[in-house]
Amino acid sequence: MHTIKVVLVGSGGYGKKYAEYLLRESHLHNTLLVAVVDPYATKSEIYAQLIEAKIPIFETLEQFYSHMNADLAVISTPIHLHCEQTCYAVQHGSHVLCEKPAAPTVEQVKEMIRVRNYWKRTVAVGFQWCYDPAVQRLKEDILSGKFGAAKRFKCLVLWPRNTAYYNRSLWAGKLKINGQWVLDSVASNATAHFLHFMLFLLGQDMLNSAYPDFVEAELYRANQIESFDTCAMRISTKDVEILFFASHAVKEKMGPMFELEFSQAIVYFNHPDFLDSTDSLLVVHRNGTKEIYGAVNHGSMKKLWDVVDLLKGEKKTYCTLESALSLTLTVNCAHLSSEVVDFPKNLKRIEGDPPLVWIEDLSKWIRECFNQGKLPSELNLPWARASKKVNSGQCGGVFESC
């Protein structure tokens, strides 16, 4: 097999991490970073290393493909550019590893699938939990029926994000930028891995995820953003109820915490009642026996080398566009289920440098929602506003394509 030539699109933010691994470990995988595409590469913390390594830098994909080619394009750019850049790279002969989410809208992901199929290329998405060995082993056993029928999945993730997080780019926290959908939110970006993980586990095979049938989503914000920084969702799929609670407007970090209930077992992760589930997937069978499936490496870059191996002809489980579509469809439905509601000003607290905006007692309320399996409005919390139940058939086509 010839050396896999890689072009990295985007060298700031998460792209820096890709660049580090490509510079440091490519020789271990018969891979070569041939160029970087980034109009703002000089601002990247890894710019000096790229120059030292004599990596050519282009401002646009058009400039790159007019001079060079690549087997694999790794796209780590703002969300609203994913569809256009993925399609362009595929049309110029490259396979693609695109960072999550695949795209902000259902129509854009469908366009990426159409272009991928026409040009017969592979497009993978960077939901790294799909590539994790412990997660894959768990899903294999779910598919085999080892745990019985899935009943109810719950996830809670409280990750504080200060104003520097929202000021890191022009698109952070935006619904649209320059007329293009972004739909950046706590559910579509930082904690999207965990919502997608639950949908992935319910997929019919190792390459697919379950799609939502119905979505109820309560969306809230404490920060001065267009989108939401806190959400509580109830998703119905294949007769399974998924409850997803996430917030950046909290002071204490917690999670991700999972409780995945089957007829014959419950899967725990970071659950306070089971210390052996700390950063590890723990299965507790109805007869009381326990199985540890192991830690999940959230910071892993295994996805990069798995996609490289895939291009070399090896069989790998990876995150397909069809799988990633489940997350985008859920988030699109969430936006149709509810407007974004501002938390009351008297509950806002601001402290630190950069300032963290957080809501008094929000962590306690969300934990109570998780424990009772209810949305905030169902607990009659004074700031909560009920949402409508949206059929996912209503969500496709609402947002235009790229």
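The expected span of a helix is 1.5 Å times one less than its number of residues, and helices (H or I, at least four residues) and strands (E, at least two) are DSSP runs numbered from the N terminus. The model is predicted: local features need pLDDT of at least 70, side-chain atom pairs count only at pLDDT 80 or more, and totals for chains, interfaces and linings use all residues. Residues are numbered from 1 along each chain as its sequence is written, and side-chain values use heavy atoms, with hydrogens and water left out.

**View 1. Helix H1 and what it packs on.** H1 (residues 14-25) has 12 residues and reaches 17 Å from its first C-alpha to its last, close to the 16 Å expected at 1.5 Å a residue. Its buried residues (under 20% relative accessible area with a 1.4 Å probe, protein chains only; over 50% is exposed, and in between is partly exposed) are Gly15, Tyr18, Ala19, Tyr21, Leu22 and Glu25. These pack against strands E1 (4-9), E2 (31-37), E4 (72-75) and E5 (95-98), plus helix H9 (302-311). Packing here is judged by contact, that is, heavy atoms within 4.5 Å.

**View 2. Helix H9, wrapped up.** H9 is largely enclosed by the rest of the structure, because 9 of its 10 residues are buried. Among them are Lys303, Asp306 and Asp309, along with Trp305. On the partner side, the buried residues of H9 pack against H1, E1, E2, E4, E5 and strand E6 (123-125). Just after H9, look for Gly313, which takes a positive phi of about 105°.

**View 3. Leu321 in helix H10.** Leu321 sits in H10 (residues 321-337) and is buried, at a relative accessible area of 0%. Leaving aside neighbours within four places in sequence, Leu321 is in contact with Ala102, Val109, Met112, Ile113, Arg116, Val123 and Val125. Lys120 is 201 residues away along the chain, with 13 Å between its C-alpha and that of Leu321.

**View 4. Phe197 and the nonpolar cores.** A nonpolar core is a set of buried Ala, Val, Leu, Ile, Met, Phe, Trp, Tyr and Cys residues joined through side-chain atoms within 4.5 Å. The largest one has 110 residues, and Phe197 is among those with the most contacts inside it, as are Leu72, Leu138, Met198, Phe244 and Leu281. Not counting residues up to four places away in sequence, Phe197 touches Trp129, Val135, Leu138, Phe258, Leu260 and Leu281. Another core lies apart from that one, with 24 residues including Leu158, Leu243, Cys369 and Ala384.

**View 5. Ser363 in helix H11.** Ser363 belongs to H11 (residues 362-372) and is buried, with a relative accessible area of 7%. Beyond its neighbours within four places in sequence, Ser363 is in contact with Leu158, Val250 and Glu252.

**View 6. The largest pocket.** A pocket is an open set of points on a 1 Å grid over the protein atoms alone, with protein on both sides within 12 Å along at least five of seven lines; lining residues have an atom within 4 Å of a point. The volume is about 1,600 Å³, counted as the space filled by probe spheres set on the points, which are joined across faces, edges and corners. Of the 47 lining residues, Gly12, Ser76, Thr77, Pro78 and Trp171 lie nearest the centre. The elements giving two or more residues to this lining are H1, helix H3 (61-67) and helix H4 (82-91).

Methods:
1 Å grid on protein atoms, 1.4 Å probe; cavity = no way out; pocket = protein on both sides within 12 Å on 5 of 7 lines; lining within 4 Å.
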